[in-house]
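Please open the structure in your viewer and keep the selection tool at hand. The tour below goes from one selection to the next and says what is found at each stop.

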Amino acid sequence: MTTIESMQTGVLCAKCAHSWADYYAALLRTNQGYVAPTQGTLLNYVQRVPLGVVAQITPFNHPLLIAIKKIAPALAAGNSVIVKPSEWAPITVLEFGKMAEEAGVPSGVLTILPGFGATTGKAIISDPRIRKVDVTAGTQTGRAMGSIVGSNLAAFTAELGGKAPIVVFDDADLVSAVNGAAFASFVASGQTCVSGTRLIVQESVYDTFMELFLAKVKSIRTRMGDPLNPQSTMGTVISPQSLARIEGMMSRTKGKLDGCDFSQGSFFPPTVVTELEITDELWVEEVFGPVVVVKKFSDEAEGVALANACKYGLGAGIWTSGLSRAHRVAAEIEAGLCWVNTHHRNDPSSPWGGMKESGIGRENGLEAFESYSQSKSTIVNVAPAEITRDVDDWFADDGEGKRYG
């Protein structure tokens, strides 16, 4: 499956999607309902019950991993699931559907329905029988889908765009910070929503950091190639259309480029842009490619302000050896995910989602499981019949007034 994944996306693949199936299988067996402390002679037990039929719209980056991240909690919660994979990368998700049927998932419980978003995707999410839609997409697409889903009063989870800041303080281990920033910026050819696209470096270590970082970028460039070659550092972007969009954004920036070569087809080399304003398109908008912008800052307050100077709030990274600073800055950064001295760590138990224009709701963990279900209260009168006859006769002839409560 990893070979197919690389062939259809052009990126190097090494993901362990089975962890999500294991996690939600265990959660299903251990999650419990509860008895509410209702007043009176009543037994009120609360259960989680399925929503019904749910729809999932998955992207081209990490197509199988992201699909399983959504499918696992939905099935565990008892729903039937329709998945519309990206038209750019549907093959591994289709193969997974076959594997699920062979493993015993009943026919019709998991349906993989490929097609274009504007036609197939829209038709699926517009159906009022769909009780939840879960999408990973750009913010504009998420907004358009949210209006359709909302009109049907269905639940909605959306993991949307990102523009993750990587804040490097002067007390960070710079070698580790450079390695971490390179991974954050260029893994999957920069095509992840939590890509570290804005490097914010404290001015006292800026020159040293940039010298090491540009050397790392050069090393990555010289080893770009076939994503099936284990020696390759980076593959292609998803399509010629994506390549043209990235090149268009690069042509409009007023920042200083590092002299990258754009003549390699769909291979877009890792690119660093400096000396730009925070109003520049490359700072403001998601590139979804291996392009990073760099700015320096003087003190902690300015570093946090630059990190938050963005409409997105999905992921962020902090590099520092100061324990107090790490917790303090993490609390101040407006992002749903904040890594300290690492990046892109993802576990099925850890909630994943954004603030601001990066989406609504969460993937992973108990939150995702519960978002695919709804609570149902069952209230049982356990009083003896003779008491019930007296207490619950609201219209008795004795003339005594009853009050509801």
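**A tour of contacts and spaces**

Begin by selecting Lys 84 and Glu 87, whose side chains meet in a salt bridge with 3.1 Å from N to O; a salt bridge here is a side-chain nitrogen of Lys or Arg within 4 Å of a carboxyl oxygen of Asp or Glu. The model is predicted, and local features need pLDDT of at least 70 while side-chain atom pairs count only at pLDDT 80 or more, although totals for chains, interfaces and linings use all residues. Residues are numbered from 1 along each chain as its sequence is written, and side-chain values use heavy atoms, with hydrogens and water left out.

Colour the pair by accessibility, where buried means under 20% relative accessible area, exposed over 50%, and partly exposed in between (1.4 Å probe, protein chains only). Lys 84 counts as buried because its relative accessibility is 3%, whereas Glu 87, at 36%, counts as partly exposed.

Next, select Glu 300 and Arg 325, where another salt bridge has an N to O distance of 3.4 Å. Glu 300 lies in helix H11 (residues 300-308) and Arg 325 in helix H12 (residues 323-332), so this pair ties together parts that are 25 residues apart in sequence; helices (H or I, at least four residues) and strands (E, at least two) are DSSP runs, numbered from the N terminus. Glu 300 counts as buried at 17% relative accessibility, and Arg 325 counts as buried at 19%.

Now move to Glu 363 and Lys 70, whose side chains form a salt bridge at 2.5 Å, N to O. Because Glu 363 lies in the loop between strand S17 (359-360) and helix H13 (365-371) and Lys 70 lies in helix H3 (residues 63-76), the pair ties together parts that are 293 residues apart in sequence. Both Glu 363 and Lys 70 are buried, and a search of the whole structure finds 13 salt bridges.

**Backbone stops**

Select Phe 288 in the loop between helix H10 (281-284) and strand S12 (291-297), and look at its phi, which is near 55 degrees, a positive value in a residue other than glycine. Then go to His 344, in the loop between strand S15 (337-340) and strand S16 (355-356), where phi is near 60 degrees, again a positive value in a residue other than glycine. Phe 288 counts as buried at 13% relative accessibility, and His 344 is buried with a relative accessible area of 12%.
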